[in-house]
Amino acid sequence: MFRVFTCLTAEHDWRLVMLAGLVCFVASIVAVSIFHRAKASSARRRSIWIAIAGAAIGYGIWATHFVAMLAYEPGVSTDYGIALTTLSLAAAMILTSVGFGVAVSNSGRWRAAAGGGIIGAGIASMHYLGMWALEVPGYVTWSPGLVFVSIALGMVLGYAALAVALGRNDKWGTFVAALLLTLAIVSHHFTAMGAVQIVPDPTLNNNDTLSLSPAFLAMAIAGVALSVLGMSLVGVLTDRRLATRTSRFKEIIGQLSIARQQLEGSQRELQEQKLRLDTAINNMVEGVCMFDAEKRLVVCNERYAQLYQLPPELLRTGTPHTDIIRHRIVNGILKGDTSEGAAEKFVSKLAALPFDAVSSRIDELADGRLICVTRQPMAGGGWVATHLDVTEQRRSEAKITHMAQHDALTDLPNRVLLRERMEDAIAVTRNGGLDLAVLMLDLDRFKEVNDTLGHPAGDALLRAVAARLRDCTTETALIARLGGDEFAVIDYVTSPAVEAAALAERIRKALCEPFDLGDHRVTVGTSIGIAIAPRDGDDSDVLMKSADLALYSAKGDGRGAFRFFEPELDELMHARRNLERDMRDAIARGEFELHYQPFVDAATGEIRGFESLLRWHHPQRGLVMPGEFIPLAEETGLIVPLGEWVLRTACAEAAKWPADLRIAINLSPAQFRSKELVPVVVGALANSGVAPHRLELEVTETVIMHDSEAVFTALGQLRGLGVRIALDDFGTGYSSLSFLQRFPFDKIKIDRSFVNELSGTREEAQHLARAVIRFAVSLGKTTTAEGVETKEQRDILREEGCVETQGYYFSRPMPASDVAKMLRRGARAAIRAA
């Protein structure tokens, strides 16, 4: 590098060196500017600009070289070969054009490096061809190291210049890229000149071909170079300004084109929106019309025209509203009078509607359709109206209202409509002159039909009952179904005692007649409770309550009858509610107690076991007998927890007795409906430790008839555990024989009514009682006779072969403590002796 410094300071004229640098920098500015222009041009024009850029920088390299060579003072005379000098200029122009072309046309990441390398090669080619054209009287020697360094500097700085030129197109980018390109040329030249050493040889002659001084030649070359490069720069700048203006013009043209396209698009969108709006309006369910402040048609849809059969001339914009209305009236489209007077009246009616508020009305067409017309005022006057066909909607609403107020099965009014009509009827009775009879009906034996024949038969029976009730009543009467087998009838009467009783009797007789249900013929009956307004109340709830109390009384008297409400019934019901409340409390307070009555061997008098009988020690009423509270417990469902307590208590007490004594417990229908009977029995046996065969469960015919399949299933499960099953009150029902065939009862208990007849005075009754006892004994099952009160009855039962007997003759029911005492003192023998 010292050689380079020595060459630059000692062997060159600094004035020409500065001129060479200026020429090089200007050439670089022009070349980079043209390169930027080439980048922005199309592919076809890009090649022209690349060639111009290559020519500019190639000529600049060449001019820089020869101006610098003129500044070189090797100490000997120098000449230049014209051919090689010209070739060096061509090499510089061609290779730099190729380098620029590679950099601008290639999109790879190495395009700057490749282009810079080619430009560096062009600089080196020009320099060394120019040095080859140098003619001196001596020998030229080279330093290979500096030669390599010069070539590397040209390529590396050429790469850097192209990298900046490709990355930035602004003024600073142009300046930096031109500066780097200048450094590439200058550094290469002076490093290469440092590699040259001329050894003089006097034997070699050098014909001086230059007649001008080196300084003048340098100025001439520099002047031409600067002129050419200056004109090239002016051309580039002019082209760039023209290109900028052209670009702006194209941008303006493009913006105008975009604006035109947007305008056309907006017009198309508006057209499409109009088409969609027209399509939507014409496909609306409602008829739509718009009238201006002058009451003239602005627009309407097809549905509006179809609804009122409007001709084309009435659909034109500007048609008066009155003409359209007159068309509807005169042509009979609207229901009603079709005269001109009617039309004028209707127009006047519409004119009276407020135009600043929403209004709505229902118009009925001649074909029965209902049109809801809703008018919505517009700002500035006029209105928009919708015409909706609400015929089906009104029908649906009417149907829903009917369904909400009527029973689905019988189509009779339900409790809601009954209460509404009762309030209206009661209001009429307040004016005097008429009374209102309220009849509450409950079918007898309906559940038996439902359980034995199935729900379809029960539904058919209810429909038939509804039809007969319609036949029994007048047009002023209202018949309602309250639910299940409950019905109500209300009607005006002037003489309640006569007319209401006659109506109730007609209904009773009609419903007592057999009903033909297709495959079955059934007979039911009815119980009726009657209340009269305003005598028994002036409120619908009070009247229905009074009639319900009368119905309860009729059912309690044996069914198939009717009863009028009496104030005493309310008192009885109040007492009943108090009893129910006390019974609920009694379960929690432990007021119930079990008494036990023995049943004995008829032949030996030995105790076989005890039947548990429930007693209630009320704190105010004293001892309450089962006949008073058991029916209420069954009706309210309290029998289920009460029956569970009886099972557990009786089994626990029986566990204290000798193992050969059995415990008998009665079961209620409600206990079978609870579905928990079998687990409760199993739990009672497990907790007490009583063997299953010691437990006897007594069921009556009534229990089985409520739900025979479910009852027989539960009984079968219990008998499978080893529990004994007894049929209680044998002979008093209608189906005892069929039940004996369907289930293997372990014991039959003969009802006390037959035992009482054994010692009676009626001979036929005695024969019947003996026949029932003999039949029960003949079945081969254990037979127990209840209600034995005399020695005569006991002897007859022994004679007829009855196995066990039970009654006051042997012992009254006793508390558990007395049973324990009796068993401890061996009283089983005393009973045997009786």
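Mentor: In this predicted model, a search of the whole structure finds 0 disulfides. Cysteine 289 illustrates the point: the nearest cysteine sulfur belongs to cysteine 300 and lies 7.1 Å away, whereas a disulfide requires two sulfur atoms within 2.5 Å. Cysteine 289 has a relative accessibility of 2% and therefore counts as buried. Cysteine 472 is likewise buried, because its relative accessible area of 12% is under the 20% limit.

The axes of H15 and H16 come within 10 Å of each other and cross at roughly 145°. This crossing of H15 and H16 is right-handed. From H15, the contact is made by Val465, Arg468, Leu469 and Cys472; from H16, Leu503, Arg506, Ile507, Ala510 and Leu511 take part.

Helix H16 itself covers residues 496-512, 17 residues in total. From its first C-alpha to its last, H16 reaches 23 Å, close to the 24 Å expected at 1.5 Å a residue. The buried residues of H16 are Pro496, Ala500, Ala501, Leu503, Ala504, Ile507, Ala510 and Leu511. What, then, covers the buried residues of H16? The covering elements include helix H15 (455-472), together with strands S10 (435-443), S12 (486-493), S13 (515-516), S15 (526-533) and S16 (562-564).

Helix H5 (residues 111-132) and helix H7 (residues 171-194) pack at an angle of about 35°, and their axes are 10 Å apart. The crossing of H5 and H7 is right-handed. On the H5 side, Ile119, Ile123, Ala124, His127, Tyr128 and Met131 meet Leu181, Ala184, Ile185, His188, His189, Ala192 and Met193 of H7. The residues of the contact of H5 with H7 divide into 10 nonpolar and 3 polar, with no charged residue.

Helix H5 also holds glycine 130. Glycine 130 has 0% relative accessibility and so counts as buried. The C-alpha atom of glycine 130 is separated by 8.6 Å from that of threonine 86, although the two residues are 44 residues apart along the chain.

Serine 612 has its place in strand S18 (residues 607-618). With a relative accessibility of 5%, serine 612 counts as buried, because this value is under 20%. Leaving aside residues up to four places away in sequence, serine 612 touches Leu594, His595, Tyr596, Val646, Ala650, Ile663, Ala664, Ile665 and Asn666.

These parts belong to a protein chain with 30 helices and 26 strands. Buried residues make up 46% of its 834 residues. Among contacts in the protein chain with a separation of 6 or more, 67% are between residues 24 or more positions apart.

Definitions and conventions:
Residues numbered from 1 in each chain as written. Predicted model: local features only at pLDDT ≥ 70, side-chain atom pairs only at ≥ 80, totals over all residues. Heavy atoms only, no water. Helix = DSSP H or I, 4+ residues; strand = E, 2+ residues; numbered from the N terminus. Expected span 1.5 Å × (residues − 1). Buried < 20%, exposed > 50% of the residue type's maximum accessible area, 1.4 Å probe, protein only. Contact = heavy atoms within 4.5 Å. Axes fitted to C-alpha atoms, helices over the stretch in contact; angles between N-to-C directions. Left-handed = near helix turned anticlockwise from the far one by under 90°. Nonpolar A, V, L, I, M, F, W, Y, C, P; charged D, E, K, R; others polar.
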